[in-house]
Amino acid sequence: MSTIEVHSPIDPSKLAVVHPLPDVLEPRKSRRLLIGFFMGHPAIAVGALLLLLMFCIAILSPYLGTMDPTQLATWKRTRPPSAVNWFGTDMLGRDIYSRVLYGARISLVVGFSVAFCASVVGLAVGLVSGMVRWTDGIIMRAIDGMMSVPPILLAITLMALTRGSVGNVVLAITIAEMPRVARLVRGVVLQLREQPFVEAAITAGTNMPLIIIRHVLPNTLAPMTVQATYICASAMIIEAILSFIGAGVPPVTPSWGNIMAEGRSLWQVKPYIVMFPAFFLSLTVLAVNLLGDGLRDALDPRLAKRV
Amino acid sequence: MSPLLEVNGLKKHYSLGRPLFGHSREYVHAVDGVSFHIDKAETLSLVGESGCGKSTVGRAVLRLFPITAGEVRLGGERIDNLSAGRLRNMRRKVQVVFQDPVSSLNPRMRVRNILAEPIKNFGLVRSRAGLNARLDDLMKKVGLPADALNRWPHEFSGGQRQRIGIARALAADPELIVCDEAVSALDVSVKAQIVNLLQDLQRELGLALLFISHDLAVVEHMTHRVAVMYLGKIVELAPRHELFARPRHPYTVALLSAVPIPDPKAKRSRIILKGDVPSPINPPKGCRFNTRCPFVFDRCRSEEPELRPVEEGHLAACHLNDQPVSESQLRGVEAMARRIW
């Protein structure tokens, strides 16, 4: 075969003028102040502020001019809001203002406990599923099965099996919400394990446990935090629904769902019984969702499409 | 003296997964019998179009997955079947620089920790002071200021990140670095910097490089020998000047004719390959290039050409090298090339 004339390719050293690197890098931007950060992310600022307010209410409820939220006073039932009973009283004469303020405790405890527990369990399940390939099929089919039942229905079913208490409510909602975290973490882990920096760590002689701790885990935390805030909001709503239908915390405990359930039959004549707890629930859920949206945008803009 | 790296009959087949019913399994023949060697302080370039298996060869040498068949020897010792414990020592000798400067550095680790990882893993220093001295030395070698150590990867540009990637590879004190498209993602001036840096380091440290690239201009600038891959096989392997001046495989000719010339008036004959690369699941019988080769004849469709020496140090796998090409055949091909151009 004869050779075909081929032009000599480019010599990059002749083409490119090579500039030496500067000896000193640009001085690093000083760490942005907290205020600057909040200015850049108004959603986080508003959400965090509202949530902080709710926390203050929950912690300081005994000192905010409330009376015993469980004390019955049959002689002053279903009173409209007044100087004594700021939000009025319910069918048993209990002070709604006090009950709503104390109810913040249940919502926040349930919301954050579920977010924490579901994240931890979901992270563990997702990591195993993503890193140990043979378990993936089994775990993911089980997760699919759990996700085929709507979380509210699953939580109601689980609560039907047991006694109503805050612990059981947290457990039931955690089981119902955990699959979402597990799936997210698995997806992120599957993506991460193919990343060149993980392969570089393997060639650098790092063993598997260290690769998980050093290279995989820290990179799953951002998407997981965002997911956790959504779960927190969703758990508060599920808790209220459970209480509302009588499957949640015992009726004596003031929780927003319970208060609304009691006011349900009088809704048309005494709307304030339902409206005050509903307003607080909406506000809290809004705060958490704002925080979640803001965190998502701040931590990883690409995530906006995924979650 | 045995070569630093020896690859014999390397195969890597990926299973496409078991069908739910039945037993017929399909395999992607990503790499299908590749042999080559690299000497100490030598650069071997692996070129070919996307999906020809060149990166798979690099990863097999790095032992990032088990290989299907064949053997990989490093300094005469087989490394493809080592146990995890023995593998560790081998890992130090072969390091990698990846294509994408963004995803090759963990965004949640400072540069200091990224570079310290291999040093600590392989126990290359005994004290904290020793570590710091080594890190400073690495920074100097790749031309980055020492204060870069305490920064995060996102604070650097693409070229600077690639320098960090090279520093990480050097940290393990390797004998061979696999550069998997190491300069492909960089713009031209930065590309030249990194290529020159790699050459300087090679001279200074006596490193061998397996330079995987599709950029023939860069390859011609920096390599000693070139291996051209097509559909999982090496079709031609020759010293740089030899390959660029007298290619002996039609695919190589086509590749070289596709290199852009920075002169709009330059006239040349181009071979434009028609069609796509055949599927590596069912590679064509006979010569793998027969579906696109402008010189194809009957023998190519039935008999697979072997990679055989056609000159001293120049191997090619093409039946055309066996038989004298008739004058009329050659004229026909040239006329075709002109018409296409």
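How far apart are the end C-alpha atoms of residues 229-252 of chain A, and what share of the chain there is helix? The distance is 29 Å, and the chain over these residues is 67% helix and 0% strand. The model is predicted.

View 1. The unreviewed UniProt entry carries the annotation "transmembrane region" for residues 33-60, 106-132, 152-176, 229-252 and 272-292 of chain A. One of these spans, residues 106-132, is 96% helix and 0% strand. The end C-alpha atoms of residues 106-132 lie 38 Å apart. Residues 229-252, another of the annotated spans, are 67% helix.

**View 2. The aromatic pair of Phe87(A) and Tyr97(A).** A pair of aromatic rings is described by the distance of the centres and the angle of the planes. Over all chains there are 11 aromatic pairs. In the pair of Phe87(A) and Tyr97(A), the ring centres are 5.2 Å apart and the planes stand at 85 degrees, so the pair is edge-to-face. Phe87(A) belongs to the loop between helix 3 (42-60) and helix 4 (96-131) of chain A, while Tyr97(A) belongs to helix 4, so the pair ties together parts 10 residues apart in sequence. With a relative accessibility of 13%, Phe87(A) counts as buried. Tyr97(A) counts as buried too, at 9%.

**View 3. The aromatic pair of Phe87(A) and Phe280(A).** Phe87(A) also pairs with Phe280(A), and this pair is tilted, with 6.3 Å from centre to centre and 55 degrees between the planes. Phe280(A) lies in helix 11 (residues 272-299) of chain A and Phe87(A) in the loop between helix 3 and helix 4, so the pair ties together parts that are 193 residues apart in sequence. Phe280(A) is buried, its relative accessible area being 11%.

**View 4. The aromatic cluster.** Trp86(A), Phe87(A), Tyr97(A), Trp256(A), Phe276(A), Phe279(A) and Phe280(A) are linked into a cluster by ring pairs.

**View 5. Helix 8 of chain A.** Helix 8 (residues 196-203) has 7 of its 8 residues buried, so this helix is largely enclosed by the rest of the structure. The buried residues are Pro196(A), Phe197(A), Val198(A), Glu199(A), Ala200(A), Ala201(A) and Thr203(A). After helix 8 comes Gly205(A), which has a positive phi, near 85 degrees.

**View 6. A charge over a ring in chain B.** Lys12(B) has its charged end over the ring of Tyr14(B). The distance from that charged end to the ring centre is 5.1 Å.

Notes: Residues are numbered from 1 along each chain as its sequence is written. Chains are lettered from A and ligands numbered from 1 in the order in which they are written. This is a predicted model: local features need pLDDT of at least 70, side-chain atom pairs count only at pLDDT 80 or more; totals for chains, interfaces and linings use all residues. Side-chain values use heavy atoms; hydrogens and water are left out. UniProt positions are given in the numbering used here, feature names are shortened, and annotations may be inferred rather than shown by experiment. Helices (H or I, at least four residues) and strands (E, at least two) are DSSP runs, numbered from the N terminus. Rings of Phe, Tyr and Trp (its six-membered ring) pair if their centres lie within 6.5 Å; planes under 30 degrees apart count as stacked, over 60 as edge-to-face and the rest as tilted. Buried means under 20% relative accessible area, exposed over 50%, partly exposed in between (1.4 Å probe, protein chains only). A charge sits over a ring if NZ of Lys or CZ of Arg is within 6 Å of the ring centre and within 35 degrees of the ring normal.
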